[in-house]
Amino acid sequence: MLEDTYHRIIDYLRISITDRCNLRCVYCMPEEGVQTCSHDEILRYEEIERVVRVAAALGIRKVRLTGGEPLVRLGVVALVRALAHIPGIEDLAMTTNGILLARHAPSLAEAGLRRVNISLDTLHPERFRAITRWGELDAVLEGIAAAFAAGLEPVKINTVVIRGQNDDEVVALARKATESGWHLRFIEWMPVGDAAEQDWHARVVTAAEIRAHIEAELGALVPATVNGAGPARTYKVPGAPGTLGFISAVSEHFCATCNRLRLTADGKLRPCLLAADEIDLRAALRQGAGEADLKALLQKAIQAKPLSHHLADHIQVRDRAMAQIGG
Ligand code: SAM
Ligand code: SF4
């Protein structure tokens with residue numbers, strides 16, 4: 001079992017498998033001039049598999065593949081198959097923008113992926129194009145349907161709320177989720193990468209504000225539980241199949257219950273999403289590190305986890321884009 005300096009059990013590894021993406025969401029990447037890693041800089045699948053084996057031996061039980069957009073990396077189904085068979089890994093999930101999901105959901109499920117989180121910030125096609133710069137909403141809705149059909153459940157929907165862009169839609173999204181059996185989580189916009197360069201304070205809509213809007217229209221929400229809800233506080237409209245979660249990284253952080261470690265697309269262990277410290281696992285892997293060396297680096301990263309992040313002190317994360325860290 002892995003325990004950090006503050007007695008938190010760390011059993012969850014999030015892996016960004018690529019920093020490339022087929023969209024350019026306004027809160028994540030600039031429209032043009034995105035710097036991506038070269039093929040050599042990105043961890044190879046065998047390297048990722050080796051890290052997960054060592055991590056599982058230490059006590060990691062849950063792995064999430066993210067990015068960038070994980071479905072744009074060739075051979076991702078083979079990676080899922082390899083990771084799903086590693087002893088100790090009990091939960092293998094993916095976060096995706098859903099654009100390519102309709103095509104891949106059946107083979108991902110067959111390879112051993114348990115479930116997916118799909119990002120969706122609006123139900124209006126024009127607005128979807130404005131937020132993602134060129135995405136087609138229908139492709140994501142087809143992806144969500146394919147995830148249900150393939151049994152990749154619970155299907156979670158990640159919605160970043162941006163003042164002036166989609167905050168007027170939180171009730172409609174909540175209604176759609178509760179009726180459709182989606183487990184939708186409203187996420188506060190975080191000042192990471194490109195978002196940190198924008199006037200982000202003015203654009204954050206707090207979880208409390210979102211919940212108040214929803215309760216004013218749909219009535220009081222009651223607490224609910226969803227498998228793997230992570231940092232979300234989860235509720236439901238009484239009797240409805242879907243649930244509504246609130247992830248308040250900015251207004252009310254949940255660092256005290258943090259259980260995760262991150263691996264960036266270029267092979268750095270990142271103890272905290274919102275702090276710039278990193279440990280170079282790729283160099284070790286490529287310099288012939290043995291299992292004991294890799295275990296020591298994973299343990300070092302866990303001991304380096306800070307007690308909490310410092311967004312409340314107006315500190316922003318500028319060293320990396322969300323797509324490189326994996327969100
Ligand atoms: N491309 C995939 C996707 O969009 O689901 C996976 C990677 S994306 C970086 C992971 C999650 O981070 C997405 O749900 C996205 O909405 C969220 N995200 C990206 N930038 C963010 C920001 N500045 N604040 C809050 N959430 C953000
Ligand atoms: Fe791509 Fe996901 Fe970032 Fe949007 S949030 S640009 S889909 S990596």
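This is a predicted model: local features need pLDDT of at least 70, side-chain atom pairs count only at pLDDT 80 or more; totals for chains, interfaces and linings use all residues.
Visitor: How many bridges join strand 5 to strand 6, residues 183-188?
Guide: Two strands pair if DSSP finds at least two bridges between them. K156 stands opposite H183 in strand 6. The two strands run parallel, and the number of bridges joining them is six.

Visitor: What pLDDT do local features need here?
Guide: Residues are numbered from 1 along each chain as its sequence is written, chains are lettered from A and ligands numbered from 1 in the order in which they are written, and side-chain values use heavy atoms, with hydrogens and water left out.

Visitor: Which residue of strand 5 is the bridge partner of S119?
Guide: Strand 4 covers residues 115-119, runs parallel to strand 5 and is joined to it by three bridges. The partner of S119 in strand 5 is N158.

Visitor: Which strands each supply at least two residues of the shell around ligand 1?
Guide: A residue is near a molecule or strand if one of its heavy atoms lies within 4 Å of it. Ligand 1 is surrounded by 17 residues, with Y27, G68, S119, N158 and M190 the closest. By class the shell has seven nonpolar, eight polar and two charged residues, where Ala, Val, Leu, Ile, Met, Phe, Trp, Tyr, Cys and Pro are nonpolar, Asp, Glu, Lys and Arg charged, and the others, Gly among them, polar. The suppliers are strand 3 (91-96) and strand 5 (156-161).

Visitor: How much of ligand 1 does the protein bury?
Guide: A polar contact is a pair of N or O atoms within 3.5 Å; within protein, one must be able to donate a hydrogen and the other to accept it, and residues adjacent in sequence count only if both atoms are side-chain atoms. Oxygen atoms of ligand 1 sit 2.6 Å from an N or O atom in the S119 side chain and 3.2 Å from a polar backbone atom of T96, while a backbone N or O atom of M190 lies 2.7 Å from a ligand nitrogen. Taken alone the ligand exposes 550 Å², by Shrake-Rupley with a 1.4 Å probe (for residues, only the protein chains shown count as cover).

Visitor: Which residue of strand 4 is the bridge partner of M94?
Guide: Four bridges join strand 3 to strand 4, and the two run parallel. On the other side, M94 stands opposite L65, with four bridges joining strand 2 (residues 62-66) to strand 3. In strand 4, the partner is V116.

Visitor: Which residues surround ligand 2?
Guide: By class, this shell divides into four nonpolar, two polar and one charged residue. The names are C21, L23, R24, C25, C28, G68 and N97.

Visitor: Which strands stand at the edges of the sheet?
Guide: The sheet is open, has 12 strands in the order 7-8-9-6-5-4-3-2-1-10-11-12, and its pairing is mixed. Each edge strand has a single partner strand, so one side of each is left without a neighbour in the sheet. They are strand 7 (222-223) and strand 12 (279-280).

Visitor: Where does A276 lie?
Guide: A276 is partly exposed, at 49% relative accessible area. Its C-alpha is 43 Å from that of G239, 37 residues away along the chain. A276 lies in the loop between strand 11 and strand 12.

How values were computed:
Buried means under 20% relative accessible area, exposed over 50%, partly exposed in between (1.4 Å probe, protein chains only).
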